[in-house]
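Thanks for coming. I have one structure to go through, and I will keep to what can be read from the coordinates.

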Amino acid sequence: MEMDEHTKKLAEEVGTAINESVQQSTGVAAAIERLRQAGFEMELTLRLEIGLRAQPDEESNSQTAGSLELTDEDLRVLRAMKIKIEPEGPS
């Protein structure tokens with residue numbers, strides 16, 4: 001999907017907001033401090049990929065169920081970012 005300049009700007013804003021959240025996280029700061037106390041310096045590089053897709057037209061908008069498989073590491077990162085994932089109920 002080709003993104004126009006406005007969409008690129010919005011995606012950049014999301015990336016900036018996530019970066020600021022990580023930088024301001026007391027949990028991240030505490031974990032880094034524990035590494036320093038253990039005698040290590042840390043270099044952190046996070047790679048963020050934002051995938052966009054156009055929303056379907058209202059005419060073709062039908063309720064469809066999707067699924068998302070998350071690893072324990074995915075869930076840990078989301079919790080650290082204070083993003084709550086509701087478990088799926090039985091179908």
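Lys8 is partly exposed, at a relative accessible area of 33%. The classes used here are buried for under 20% relative accessible area, exposed for over 50%, and partly exposed in between, with a 1.4 Å probe and protein chains only. The side chain of Lys8 forms a salt bridge with that of Glu5, at 3.7 Å from N to O. A salt bridge here means a side-chain nitrogen of Lys or Arg within 4 Å of a carboxyl oxygen of Asp or Glu. Glu5 is exposed, at 61% relative accessibility. Lys8 and Glu5 are three residues apart in helix 1, so about one helical turn separates them.

Before the other pairs, a word on the source. This is a predicted model, in which local features need pLDDT of at least 70 and side-chain atom pairs count only at pLDDT 80 or more, while totals for chains, interfaces and linings use all residues. Residues are numbered from 1 along each chain as its sequence is written, and side-chain values use heavy atoms, with hydrogens and water left out.

How many salt bridges does the rule give? The count is three. One of them joins Glu73 and Arg76, whose closest N and O atoms are 2.7 Å apart. Those two residues are three apart in helix 3, again about one helical turn. Glu73 is partly exposed at 44% relative accessibility, and Arg76 is partly exposed with a relative accessible area of 44%. Another salt bridge links the side chains of Glu41 and Arg36, at 3.6 Å from N to O. Glu41 counts as exposed at 65%, whereas Arg36 is partly exposed at 42%.

Now the overall fold. The chain has three helices and zero strands, in the order α-α-α along the sequence. Helices (H or I, at least four residues) and strands (E, at least two) are DSSP runs, numbered from the N terminus. Of the 91 residues, 7% count as buried. The chain exposes about 8,900 Å², with 50% of that supplied by carbon and sulfur atoms; areas are from the Shrake-Rupley method with a 1.4 Å probe, and for residues only the protein chains shown count as cover.

Next, the loop between helix 2 and helix 3. Met42 is found there and is partly exposed at 35% relative accessibility. Together with Leu35, Phe40, Leu44 and Leu46, Met42 makes a nonpolar surface patch of about 480 Å². Such a patch takes residues with over 30% relative accessible area and no salt bridge, joining nonpolar side chains (Val, Leu, Ile, Met, Phe, Trp, Tyr) within 5 Å and like charges within 9 Å. Arg47 lies in that loop too and is exposed, at 72%.

Last, the largest pocket. Its volume is about 780 Å³, the space filled by probe spheres set on grid points that are joined across faces, edges and corners. A pocket is an open set of points on a 1 Å grid over the protein atoms alone, where a 1.4 Å probe fits, with protein on both sides within 12 Å along at least five of seven lines; lining residues have an atom within 4 Å of a point. Which residues lie nearest its centre? Of the 25 lining residues, they are Val22, Val28, Leu46, Val77 and Met81. Helix 1 (5-24), helix 2 (26-37) and helix 3 (72-80) each supply at least two lining residues.
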